[in-house]
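Subject: A structure for you to look at

Hello,

Here is the structure I promised to pass on to you.

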Amino acid sequence: MESYSTIYTGRTKTVVAITILVGLLCGGLTFLFPLKYSATARLLITQLAAFTLDPYTALRSVELIGDNLAQIVSTSSFFEKVLKSGYQIDETYFKADEVRRRKQWATSVDAGMVRGTGLLELKAYHENKDQAAQIAGAIVFILSREGSDYLGRDIGIRLVDAPIVSRFPVKPFLPVNIAAGLVLGFVVAHIWVYTDHRNKKHHGNLI
């Protein structure tokens with residue numbers, strides 16, 4: 001078994017160069033996709049019957065309600081409500097084909113509970129800042145008014161953080177893409193160096 005130093009002696013610069021090159025390439029590919037801003041809002045979920053439960057059970061119950069609402073937000077029926085909410089949402093932005101339209105909506109919104117708080121965090125993504133804010137506002141409006149109708153529970157939903165738009169695009173996330181590219185480049189570089197070493201040795205080019 002050949003040692004690491006035997007294989008990589010004199011090839012360190014090659015490994016570094018390939019790693020950096022692939023990392024920059026992956027970062028550059030980010031700009032081939034539309035840059036999207038996010039609008040984030042938070043809602044406080046309360047259960048009116050929670051006073052009959054111990055604090056831990058009450059919190060777990062609220063989190064379960066929030067998880068269910070988070071799943072509902074990405075559905076096509078909820079999307080239709082968003083379009084009809086009265087907010088200034090550009091419907092032409094979304095695909096005409098129903099299947100692609102649903103997939104696009106699912107990637108345009110994100111919702112999840114902030115564990116241990118009873119807060120439901122909502123995010124809407126769009127290439128236009130104002131549109132991201134409009135979509136987030138519509139989601140908040142619908143959940144505040146009709147959230148309890150979806151679950152048939154005696155719950156309260158109150159806005160605690162109004163939608164705020166990110167100052168810079170958040171999708172695709174450039175630092176993550178570059179980091180992933182560097183890892184990929186590091187692996188590719190080592191595979192290439194090892195393969196090149198074995199080929200040269202096989203053909204008698206190594207002493």
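Predicted model: local features only at pLDDT ≥ 70, side-chain atom pairs only at ≥ 80, totals over all residues.

**Aromatic rings**

With ring centres required to lie within 6.5 Å, the model has six aromatic pairs. One of them joins Phe-79 and Trp-105: the ring centres are 4.7 Å apart and the planes meet at 35 degrees, so this pair is tilted. Its two members come from distant parts of the chain, with Phe-79 in helix α4 (residues 76–83) and Trp-105 in helix α5 (residues 98–108), 26 residues apart. Phe-79 and Trp-105 are both buried.

Trp-105 also pairs with Phe-94. Here the centres are 6.1 Å apart and the planes are at 65 degrees, so the pair counts as edge-to-face; the cut-off for that class is over 60 degrees. Phe-94 is buried, as is Trp-105. Taken together, ring pairs tie Phe-79, Tyr-93, Phe-94 and Trp-105 into a cluster.

**The core**

Trp-105 turns up again in the largest nonpolar core. That core has 33 residues, and those touching the most other members are Phe-78, Trp-105, Ile-139 and Leu-143. Two or more residues each come from β1 (37–47), α3 (55–73), α4, β2 (109–114), β3 (119–126), α6 (129–151) and β4 (155–165). The biggest contribution is from α6, which gives eight residues.

What does Trp-105 contact, leaving aside its neighbours within four places in sequence? The list is Val-73, Ser-74, Thr-75, Phe-78, Phe-79, Val-82, Phe-94, Ile-135 and Ile-139.

**How α4 meets α5**

The helices α4 and α5 pack at about 80 degrees, and their axes are 10 Å apart. That angle makes α4 roughly perpendicular to α5, because angles of 65 to 115 degrees fall in that class. On the α4 side the contact is made by Ser-76, Phe-78, Phe-79, Glu-80, Val-82 and Leu-83, and on the α5 side by Glu-98, Arg-101, Arg-102 and Trp-105. Sorted by class, this contact holds five nonpolar, one polar and four charged residues.

Best wishes

Key. Residues numbered from 1 in each chain as written. Heavy atoms only, no water. Phe/Tyr/Trp six-rings, centres within 6.5 Å; stacked < 30°, edge-to-face > 60°. Helix = DSSP H or I, 4+ residues; strand = E, 2+ residues; numbered from the N terminus. Buried < 20%, exposed > 50% of the residue type's maximum accessible area, 1.4 Å probe, protein only. Core = buried A, V, L, I, M, F, W, Y, C linked by side-chain atoms within 4.5 Å. Contact = heavy atoms within 4.5 Å. Axes fitted to C-alpha atoms, helices over the stretch in contact; angles between N-to-C directions. Parallel < 35°, antiparallel > 145°, perpendicular 65-115°, else oblique. Nonpolar A, V, L, I, M, F, W, Y, C, P; charged D, E, K, R; others polar.
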